[in-house]
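Trainee: Could we go through this chain together? I would like to begin with its secondary structure.
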Amino acid sequence: GIPTPAVDGNVRRVMARVLATATPSFPELEAAVRAWLPDDAPGPFTEALMELGATLCRPRSPKCLFCPWRDLCQARALGQQQDFPAPKPRKAIPHYDVAAAVILRENSTVLVAQRCHEDMLGGLWEFPGGKCEAGETLPDALHRELQEEMGIDIAVGEPLITLKHAYTHFRITLHAFVCQWMAGTLRCIDCEDFLWATIEDLRALPMAVTDRKIAEVVEALLLKT
């Protein structure tokens with residue numbers, strides 16, 4: 001029962017069209033609603049304004065002929081109802097190149113690492129590697145990541161597979177390379193655990209979609225040897 005303006009998405013659209021304001025600020029919208037808000041019935045007015053946006057003043061194909069505010073609507077007077085409010089610009093989705101090392105041993109096992117539990121996709125198993133930083137080549141990124149993650153030096157060989165994948169807030173292109181362990185003692189510096197995995201291990205370990213696809217290619221490779 002307190003006469004206070006409530007501005008949701010529907011109210012924003014209604015008021016932007018009534019005022020023909022493409023990018024109204026929240027204070028502007030509150031001020032416009034407050035100017036018309038009746039002291040004796042703020043609740044019904046607010047509910048009616050929200051319902052107006054939900055049922056008639058819709059984002060697409062607004063039903064202007066049935067709208068009780070059609071004669072007040074400046075956007076309708078301009079014949080530009082659907083131009084108000086202006087659509088919010090979409091944020092560019094970042095893209096990252098990621099490199100992964102497929103390090104094989106003569107006993108038909110391959111090195112996999114378990115992601116730290118507090119990280120994204122924590123606890124899942126992966127082929128070690130990481131994001132390519134500015135100015136790095138993919139082999140450079142792999143050399144750095146394997147040093148930082150597991151304390152070893154590697155030789156980066158031929159590309160094995162390239163995969164594209166989209167997450168909610170970013171996209172990646174994952175490049176897997178066949179690599180050779182050259183020096184250093186394997187240890188978990190930035191991982192939870194590591195394993196020289198057999199084909200059976202690869203099939204059983206929980207992995208993200210991209211690493212599972214790499215594992216399928218690795219399995220086919222191991223079966224040929």
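Mentor: Helices (H or I, at least four residues) and strands (E, at least two) are DSSP runs, numbered from the N terminus. This is a predicted model, in which local features need pLDDT of at least 70, side-chain atom pairs count only at pLDDT 80 or more, and totals for chains, interfaces and linings use all residues. Residues are numbered from 1 along each chain as its sequence is written, and side-chain values use heavy atoms, with hydrogens and water left out.

Trainee: In what order do the elements of the protein chain run from the N terminus on?
Mentor: The order is α-α-α-α-β-β-β-β-α-β-β-β-α-α. The protein chain has seven helices and seven strands.

Trainee: Which strands form the open sheet?
Mentor: Its order is E3-E2-E7, with antiparallel pairing; two strands pair if DSSP finds at least two bridges between them.

Trainee: Why is one side of E3 and of E7 left without a neighbour in the sheet?
Mentor: Strand E3 (125–126) and strand E7 (193–197) are at the edges and have a single partner strand each, so one side of each lacks a neighbour there.

Trainee: And how many bridges join E2 to E3?
Mentor: Two bridges link E3 to strand E2 (residues 110–114). Gln 114 has Trp 125 in E3 as its bridge partner.

Trainee: Changing topic, what is the radius of gyration of the protein chain?
Mentor: The protein chain has 29 Å, whereas a compact globule of 225 residues would be near 17 Å. The radius is taken over C-alpha atoms, and the globule rule is 2.2 Å times the number of residues to the power 0.38.

Trainee: What share of the residues is buried?
Mentor: Buried residues (under 20% relative accessible area, 1.4 Å probe, protein chains only) make up 39% of the 225 in the protein chain.

Methods: Buried means under 20% relative accessible area, exposed over 50%, partly exposed in between (1.4 Å probe, protein chains only).
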